[in-house]
Amino acid sequence: AVAYATEEDVNAIARTASVSRDPQLYGLAFQACHRLIGLAPSFCAQISADQWAQRDPGNGMAWLYAVDKANAEKRESSKVDAIYRYIQTQHFDLGLSLLGALTRSEAFPRDTPFVASTATDWAFQGHIHAPLPGYQGVMAYCTVTTVRDANRAQVCNDVADSLLRDDSTLIGPILGVRLGERLAWPAARLAPLREEQDALRVVHAETPKLLFGDAPALGTDELISQGQAGCEARDRLSALLDTQMRV
């Protein structure tokens with residue numbers, strides 16, 4: 001029902017993005033269209049990972065989606081080209097940066113805390129439900145067998161470095177370590193990477209406990225019913241969501 005309700009809006013975003021060179025707008029349209037599984041607003045047919053990558057050539061995520069698409073369509077040369085472009089990128093944006101920027105905009109109505117916290121929650125839900133790119137394309141290119149070839153191993157070493165630089169999700173760095181293991185990186189290089197990932201997992205798990213203790217997570221309506229204490233808890237939740245989107 002939610003998907004059908006948003007179809008008209010998604011179509012409007014896709015229509016605007018299809019004639020725009022703005023990479024952030026195009027990335028947002030790509031994610032919006034990508035989420036409507038089974039639905040096909042007409043202008044979404046014009047939104048593609050390849051076009052996103054052309055608009056934002058320095059964005060590793062756009063190229064990763066392009067690798068995934070080429071892999072699914074068995075276009076080997078296009079996949080290899082997208083992998084080469086991927087390892088040359090410097091930043092990683094899932095296409096949702098506009099959502100986080102919305103809640104930090106100077107024009108945002110900060111004098112109404114409930115509106116601000118609700119918008120933060122909506123933006124966070126956009127992040128949570130955004131489909132991540134399939135990493136199968138790059139991982140299948142760098143199997144235990146294929147990395148025995150020296151030239152392939154060099155490319156895959158660069159792929160692993162790119163995955164480790166990916167600061168948009170925890171999945172990329174985890175797969176970067178796994179690829180490093182396939183490439184037989186020395187233990188001295190892998191150990192601090194594993195330690196960092198273990199620390200990130202703990203931070204991710206423990207931060208809500210620091211804010212809310214062991215109390216069960218409550219929805220907005222339940223928090224509001226608790227009066228002032230509920231509103232304060234809601235503010236802490238908004239702060240947590242905003243931090244997670246930024247960090």
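Reply: The account below concerns helix 4, helix 5 and the loop between them. This is a predicted model, in which local features need pLDDT of at least 70 and side-chain atom pairs count only at pLDDT 80 or more, while totals for chains, interfaces and linings use all residues. Residues are numbered from 1 along each chain as its sequence is written, and side-chain values use heavy atoms, without hydrogens and water.

Helix 4 covers 60-72 and helix 5 covers 76-86 (helices are DSSP runs of H or I, at least four residues, numbered from the N terminus). The axes of the two helices come within 8 Å and cross at roughly 165° (axes are lines fitted to C-alpha atoms over the stretch in contact, with angles from 0 to 180 degrees between N-to-C directions). Helix 4 is therefore roughly antiparallel to helix 5, a term for angles over 145 degrees. The crossing of helix 4 with helix 5 is left-handed, that is, the near helix is turned anticlockwise from the far one by less than a right angle.

On the helix 4 side, the contact is made by Gly60, Trp63, Leu64, Ala66, Val67, Ala70 and Asn71. Their counterparts in helix 5 are Ser78, Lys79, Ala82, Ile83, Arg85 and Tyr86 (contact means heavy atoms within 4.5 Å).

Lys74 sits in the loop between these two helices. Although Lys74 is not a glycine, its phi is positive, at about 55°. Lys74 counts as exposed because its relative accessibility is 74% (exposed means over 50% relative accessible area, with a 1.4 Å probe and protein chains only).

Note on methods. Buried < 20%, exposed > 50% of the residue type's maximum accessible area, 1.4 Å probe, protein only. Parallel < 35°, antiparallel > 145°, perpendicular 65-115°, else oblique.
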